Amino acid sequence: MRIRYLNNLLKKIVLRVICAFIFFGLFATSGKAELVDRIVAIVNDDIISLSELNEMFEPYAENIKSRGLSSEEERAALFKVREDILSHLIDQKLTDQETKRFGISVKEKEIDKTIERIKESNFYTDEDLRKGLARQNLTMEEYRERIREQILRSKLVNMEIRSRIVITKEDIKSYYDSHSEIYQGEKKYHLRHILLEIPSLADETGKLEIKEKADAMLEKIKTGEPFENMARKYSQSSAAAKGGDLGMFGHDVLSPQLRETLKGMKAGEVTPVLDTDLGYQIFLVQEIRDARAKSLEEASPEIQEKLYKEIVDKKFQSWLESLRKRSHIKIIR
C-alpha cells in the first residue's frame, strides 16, 4: 500500500510540475520548444528544480574553473560540489517542511538583530554590508530572506534537539576550569582602519595595483604620517570621515584573522596590510583595555550556551539522517 501511495504521489507531483512548465515556459517566442527547467529531486510533497540547484552551484563552479585544474580534476570537483549542494538543498527542504509542520515563524525584529550582530562582528556599517552583498549579486531583501531561513531552522533545531539536552553545573564548572585563559580577563581594542575596496571585476593585475597602494600607505604611516589623515584622504570606508575610527571591540567579536593579527600588538601599532572580505585593510590599535576577569557565576550563561551549541552541532546531523529515513526522497538524474 505504501509503495502504491508513493508512486501515485510521485506521478501527481511530476504531472503538476510538467504542466506548469508547459504552460509558462516550454515555448519561446520563436515558436520552438525550449525546456527552461526540470525537476532534479522530490522531497515529500516538494520539488527541487534545476534552476534552484544551478543558482547555488554557479558561484562554486566559477571558483573551481578558475583554479587551473586538469580537465579530469575539474570534472570530478564540479561533480562532487554539485552532489553536495543537492544534498544540502534536500536538507533545507526537509527542515523547511518541519518548520511549517510545527508552525514556527520569525519576526522582522529577530532578523534585524541578527543582521546587527553580523555587522558588529565584521566591523561592517550598513553601507559596507550592502556593498558586500552587491559583490555577491544579492539584494538586502534576498539577504534578509536567507537570514529568516537560518533563524527558522535554528528554532526547529532548538525544538527537536536542544530541548532534550541538559547541561549540569558540573559540566559548566569543568569547562570554566579548563578554559581559564578565556575568563581571566578580556582585552578590548579601540581600532581605526583604512579600507581599499577591490572591484568585483578586478583581475589579478588590478588587485596587485590596489595592494601596492595599500603597502605605500602603510610605509607612510610607519614614517610618521598620521593614520587619521591617511584614512580621511584615502579610505573607502564609511568611517573615513572620522579618521577611520571603528570604536571599541572585545576580543571575542573580532574576526579570526584580525584576532590572530592583534596578538602581541601594543597601543599605537599598525597591522600589516590584510586581505579581507571587504578589500585590503590596515588597522591601527588606538588603545587596549584589559577587562576584569569573569567569575564562574558571571561566565555560566555564556559557557552553557557554548556547551549547548557543541552538543547540538553533534546531534543535528544524526537527527537530519533520521528525518531523511522517514521521508520520501527521490533524486532524478
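Reader: In what order do the four strands of the open sheet lie, and how are they paired?

Author: Strands of a sheet pair through backbone hydrogen bonds, either parallel or antiparallel. Here the order is E4-E3-E6-E5, with antiparallel pairing; strands (E, at least two residues) and helices (H or I, at least four) are DSSP runs numbered from the N terminus, and two strands pair if DSSP finds at least two bridges between them. Strands E4 (245–250) and E5 (274–275) stand at the edges with a single partner strand each, so one side of each lacks a neighbour in the sheet. This is a predicted model, in which local features need pLDDT of at least 70, side-chain atom pairs count only at pLDDT 80 or more, and totals for chains, interfaces and linings use all residues. Residues are numbered from 1 along each chain as its sequence is written, and side-chain values use heavy atoms, leaving out hydrogens and water.

Reader: How many bridges join E3 to E6?

Author: Eleven bridges join E3 (residues 187–197) to the antiparallel E6 (residues 279–290). Histidine 193 stands opposite phenylalanine 283 in E6.

Reader: Which residues of helix H9 are buried, and which are exposed?

Author: An α-helix has 3.6 residues a turn, so residues three or four places apart point the same way. In H9, Gly206, Ile210, Ala214, Met217, Leu218 and Ile221 are buried, that is, under 20% relative accessible area, where exposed means over 50% and partly exposed lies in between (1.4 Å probe, protein chains only). These buried residues fall within an arc of 120° seen down the axis of H9, so they line one face; the arc is that of the directions from the helix axis to the C-beta atoms. Glu204, Thr205 and Lys222, on the other side of H9, are exposed.

Reader: Against which elements do the buried residues of H9 pack?

Author: They pack against E3, H10 and E6, contact meaning heavy atoms within 4.5 Å.
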